[in-house]
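Please look at the structure below and follow how side chains from separate parts of a chain come together. The account begins with aromatic rings and then turns to charged groups.

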Amino acid sequence: MPNPLGPPNQPGRGGLPTPPSGWPIGSYPTYAEAQRAVDYLSDQQFSVEDVTIVGVDLMQVERVLGRLTWAKVIGGGIVSGAWLGVFLGLLLGLFTDNLLGPLLAGILGGIVFGVISTTIPYAATRGTRDFASTMQLVAGRYDVLCEPKTAERARDMLAKLAL
């Protein structure tokens, strides 16, 4: 995972995205294996600041979770709206001497809002998208690159990891 507190790109590049540089020192079928290789280098006191993991052959993958029906859409709206209503009702209840009234009003209002906010978009599709899914960006492989000055040493170290 990238460091959110670190610099967005290499210094001196004006903050614009730049292609990765370096020599390949390893290629892995999964991100976890590439990450393991860099972690191994770090454990061996290697200067990992010279290392970059690059996803190659990017693909957008949509994983279908299941079929959508009106009952599932309305039920999902009720549940998500009720949770929002509980939160808002409890928040409003903090400022009154009666917690039950704002809580019930929040739940009922949340249910109405949840049902409306889920049924309108579903109705707008007119049956052309009757399934739920998630999207991911994945790579066909993950290459580990290293700056030329230390690439040979890193490649030798990763060869020991493969043994």
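Rings of Phe, Tyr and Trp (for Trp, the six-membered ring) count as a pair if their centres lie within 6.5 Å; planes under 30 degrees apart are called stacked, those over 60 edge-to-face, and the rest tilted. The model is predicted, so local features need pLDDT of at least 70 and side-chain atom pairs count only at pLDDT 80 or more, while totals for chains, interfaces and linings use all residues. Residues are numbered from 1 along each chain as its sequence is written, and side-chain values use heavy atoms, with hydrogens and water left out.

By the ring rule there are two aromatic pairs. In one of them, the ring centres of Y31 and Y142 are 5.7 Å apart and the planes stand at 70°, so the pair is edge-to-face. Y31 belongs to helix 1 (residues 31–43) and Y142 to strand 3, so this pair ties together parts that are 111 residues apart in sequence. Helices (H or I, at least four residues) and strands (E, at least two) are DSSP runs, numbered from the N terminus. Y31 is partly exposed at 34% relative accessible area, whereas Y142 is buried at 14%. Here buried means under 20% relative accessible area, exposed means over 50%, and partly exposed lies in between (1.4 Å probe, protein chains only).

The rings of W70 and Y122 have centres 4.8 Å apart and planes at 85°, so this pair is also edge-to-face. It links distant parts of the chain, with W70 in helix 2 (residues 70–93) and Y122 in helix 3, 52 residues apart. W70 is partly exposed at 44%, and Y122 is buried at 11%.

Next come the charged groups. Side chains of opposite charge can pair when their charged atoms come close. A salt bridge is a side-chain nitrogen of Lys or Arg within 4 Å of a carboxyl oxygen of Asp or Glu, and the structure holds three of them.

One joins D57 and R141, with 3.6 Å from N to O. D57 lies in strand 2 (residues 51–67) and R141 in strand 3 (residues 131–146), so the bridge ties together parts that are 84 residues apart in sequence. R141 is partly exposed at 32% relative accessibility. R141 also forms a salt bridge with D143, the closest N and O atoms being 3.0 Å apart. Through shared partners, D57, R141 and D143 are joined into one network.

Which residue forms a salt bridge with E62? R129 does, with the closest N and O atoms 2.5 Å apart. This pair links distant parts of the chain: R129 is in the loop between helix 3 (100–125) and strand 3, and E62 is in strand 2, 67 residues apart.
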